[in-house]
Amino acid sequence: MGGLVYYSSASGNTARFVARLGLAAGRIPVSPCDPLPEAATPYVLICPTYADGTGRGAVPKQVIRFLNDPARRAGLRGVIAAGNRNFGATYALAGRVISDKCNVPVLYRFELAGTDLDISRVQAGLEKFWGTECLTMA
Amino acid sequence: MKDHAPRTPLRAINWNRLEDEKDLEVWNRLTVNFWLPEKVPLSNDVQSWATLRPEERELTIRVFTGLTLLDTIQNTLGAPAMMPDAITPHEEAVLSNIAFMEAVHARSYSSIFSTLCLTPEVDAAFRWAEENPHLQQKARLVLEEYKAGSDPLKRKIASVFLESFLFYSGFYLPMYWSSRAKLTNTADLIRLIIRDEAVHGYYIGYKYQRGLERLGEAERAALKDFAFSLIFDLYDVEAKYTAELYDGIGLTEDVKAFLHYNANKALQNLGYEALFPPQACEVNPAILAALSPDSENHDFFSGSGSSYVIGKAVATEDEDWDF
């Protein structure tokens with residue numbers, strides 16, 4: 001199975017989701033002064049959305065900083081995006097932006113800290129996804 | 001003599017010295033999202049309004065009057081009551097923005113009324129709101145925590161429940177009409193309100209969690225008990241309020257699934273786990289689609305195809321991305 005990297009702001013919704021997944025994951029720090037995690041290759045990124053009404057600012061600056069490194073970007077296989085449907089058309093927009101920029105699929109979307117159903121779907125989905133990845137790499 | 005008494009200096013707010021980055025982040029989000037009802041072409045709904053049956057019109061006006069009451073409370077009492085509890089001066093400033101936007105929301109419903117409805121219908125609905133025991137009861141349960149002398153963190157719990165839970169028995173209806181291609185401009189306005197309330201619930205819930213960090217285990221457990229007990233009480237009233245409004249058009253059970261789903265999200269804003277099980281939260285997909293239109297529903301894990309999910313043109317700040 002590949003790795004997992006995530007960003008969570010001080011509100012901790014994504015961090016709570018990742019903790020319940022029960023999978024090892026590297027955290028992109030909130031502060032630009034802290035070192036970025038080493039990304040295992042390949043990996044999936046879990047990223048929350050912070051867009052304004054027009055969609056600007058969807059991807060947190062620290063995630064952009066992380067992805068701006070070609071070596072890290074090369075290992076990215078897919079993105080799981082968090083958000084809130086109450087933001088309408090910009091729901092989980094960070095997933096689409098990263099998908100467009102990095103040419104990887106949006107694997108899943110969930111709201112806030114996710115539900116139990118989201119957790120089991122992502123666990124099963126990641127297992128299957130990495131299974132397929134291994135086949136295509138062989 | 002008065003002039004010689006020692007004084008603590010009055011302090012001006014300095015936005016370039018932040019104690020909590022979240023304050024500036026939320027301030028920026030709220031100010032960028034600022035809107036007024038005049039920007040929504042509500043008059044385009046006049047013809048659609050005429051297609052509603054009289055009882056559907058009465059229901060819609062009542063629902064909007066109930067929402068107006070909650071916005072009024074949050075504008076004049078809720079947000080101002082939290083200002084003295086603020087840990088940072090910037091938090092106070094954000095709360096002043098929240099208070100004002102609640103006034104804009106309350107004012108918006110009157111714009112809808114003046115565009116679509118007759119004065120006697122609206123006056124009757126405002127009387128109904130004053131006399132409806134369930135509406136009055138839910139407002140009172142929240143106000144109980146807003147009054148002076150109550151625990152600042154309990155006040156935040158009540159406020160998150162108002163912002164992230166109590167509005168939704170009302171928000172359901174314009175989403176329902178919109179899913180049937182009715183009152184679509186009104187739905188656009190309601191979506192702007194929903195977007196604001198989402199930021200409010202998120203921010204107040206975040207400040208609640210920061211407040212909890214300063215407390216011991218026992219106090220934290222007591223507050224969690226209080227939160228779950230309050231949401232139970234509010235849910236009880238909401239279920240009755242919902243039945244009274246929606247039984248007539250047969251939508252009560254559909255609305256209740258939406259209430260369960262939103263109660264869980266309100267608890268998540270406070271950092272807590274879900275109360276209602278997934279099977280109780282299966283919201284009508286048409287309502288979810290109305291909440292976030294143009295936000296594609298397909299993804300890789302749900303097995304809806306292996307195609308990439310690539311949306312329409314999205315605004316990105318290219319200067320931040322080097323490649």
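In this predicted model, chain B meets chain A through 36 of its residues, which are in contact with 41 residues of chain A. On the chain B side, the elements that give two or more residues are helix H1 (21-32), helix H9 (184-212), helix H11 (252-269) and helix H12 (285-291). Of these, H9(B) contributes the most, with six residues.

The UniProt annotation "binding site", taken from an unreviewed entry, covers B:Glu102, B:Glu163, B:Glu197 and B:His200. These positions span 99 residues in sequence, yet no two of their C-alpha atoms are more than 10.1 Å apart, so they gather at one spot.

Two of the annotated residues may be followed in detail. B:His200 is found in helix H9 of chain B, whereas B:Glu163 is found in helix H7 of chain B. Are these residues buried or exposed? A residue counts as buried if 20 or more other C-beta atoms lie within 10 Å of its own. B:Glu163 is buried because 27 other C-beta atoms lie within 10 Å, and B:His200 likewise counts as buried, with 27 C-beta neighbours inside 10 Å. Leaving aside neighbours within four places in sequence, B:Glu163 is in contact with B:Glu197, B:His200, B:Gly201 and B:Ile204. On the same terms, B:His200 touches B:Ile98 and B:Glu163.

The next helix along chain B is H10, covering residues 217-246. Helix H10 has 30 residues and reaches 42 Å from its first C-alpha to its last, close to the 44 Å expected at 1.5 Å a residue. Among the buried residues of H10(B) are B:Leu223, B:Ala227, B:Ile231, B:Glu238 and B:Tyr246. What covers the buried residues of this helix includes helix H3 (54-82), helix H6 (133-146), helix H7 (152-166), helix H8 (168-179), H9 and H11 of chain B.

B:Leu183 lies in the loop between H8 and H9 of chain B; although B:Leu183 is not a glycine, its phi is positive, at about 45°. With 25 C-beta neighbours inside 10 Å, B:Leu183 counts as buried. In chain A, A:Leu112 lies in the loop between strand E5 (106-111) and helix H5 (116-137). A:Leu112 has a positive phi of about 50°, although it is not a glycine, and A:Leu112 is buried, with 28 other C-beta atoms within 10 Å.

Terms used
Residues are numbered from 1 along each chain as its sequence is written. Chains are lettered from A and ligands numbered from 1 in the order in which they are written. This is a predicted model: local features need pLDDT of at least 70, side-chain atom pairs count only at pLDDT 80 or more; totals for chains, interfaces and linings use all residues. Two residues are in contact if their C-beta atoms, placed from the backbone, lie within 7 Å. Helices (H or I, at least four residues) and strands (E, at least two) are DSSP runs, numbered from the N terminus. The expected span of a helix is 1.5 Å times one less than its number of residues. A residue is buried if 20 or more other C-beta atoms lie within 10 Å of its own, exposed if 12 or fewer, and partly exposed in between; C-beta atoms are placed from the backbone. UniProt positions are given in the numbering used here, feature names are shortened, and annotations may be inferred rather than shown by experiment.
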